[in-house]
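I opened this model to look up its fold and its salt bridges. My entries follow the display.

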Amino acid sequence: MDGWEEGPGVLAAELNALPLAIGTNLTLPGLNDPFVLTYYFETEFTLSASQLANLQELKLRHLIDDGAVFYLNGAEVTPRFNMNAGAVNASTVTAASIRNATYQGPFDLPTGGLVAGPNRFSAEVHQQAADGSDIVFGAKLSMTQSLDPNS
């Protein structure tokens, strides 16, 4: 993606142990000047027409520190993680601080906004305060499909 850095997940700046290995090291938030309160992540995935037609459910598991809002093809999907309801922007803080990120989920995601072809999963990860000491983002989408007995 143009202008975006990329690397394998988990993407993090974390000094404590995580339940999954860090794939891409980020800068510790306190070393960013100016301080970064919100981080944006996204990836594209492709569904064939057959996959979309047979899609039964889409699940999300994640590893987040401190909070996140998730999007499929630009539309917010629930559940939010550790974020209050209402509008969010780059200066929105989380509902509480997460001391150490833990693997959460799986959570059901709506499938109505998916299309045959390219799809985009996005997340904005928010810090609890301007002096946050870490940032962690990892996500796994999984889908269940029905089997077509005629194929």
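The entries below take the overall fold and then the charged side chains.

I note that this is a predicted model, in which local features need pLDDT of at least 70 and side-chain atom pairs count only at pLDDT 80 or more, while totals for chains, interfaces and linings use all residues. Residues are numbered from 1 along each chain as its sequence is written, and side-chain values use heavy atoms, with hydrogens and water left out.

Fold. I found one helix and nine strands in the protein chain, as DSSP runs (helices H or I, at least four residues; strands E, at least two; numbered from the N terminus). Along the sequence the pattern reads β-β-β-α-β-β-β-β-β-β.

Burial. I recorded 36% of the 151 residues as buried (under 20% relative accessible area; exposed is over 50%, partly exposed in between; 1.4 Å probe, protein chains only).

Salt bridges. I looked for a side-chain nitrogen of Lys or Arg within 4 Å of a carboxyl oxygen of Asp or Glu, and the count came to five. One of them joins Glu-44 and Arg-120 at 2.3 Å, N to O. This pair links distant parts of the chain, 76 residues apart: Glu-44 lies in strand E3 (residues 38-47) and Arg-120 in strand E8 (residues 117-126). Glu-44 is partly exposed at 45% relative accessibility, as is Arg-120 at 29%. I also noted a network of salt bridges that links Glu-42, Glu-44 and Arg-120.

Glu-57 and Lys-59 form another salt bridge at 3.9 Å, N to O. Here Lys-59 is buried at 19%, whereas Glu-57 is partly exposed at 31%.
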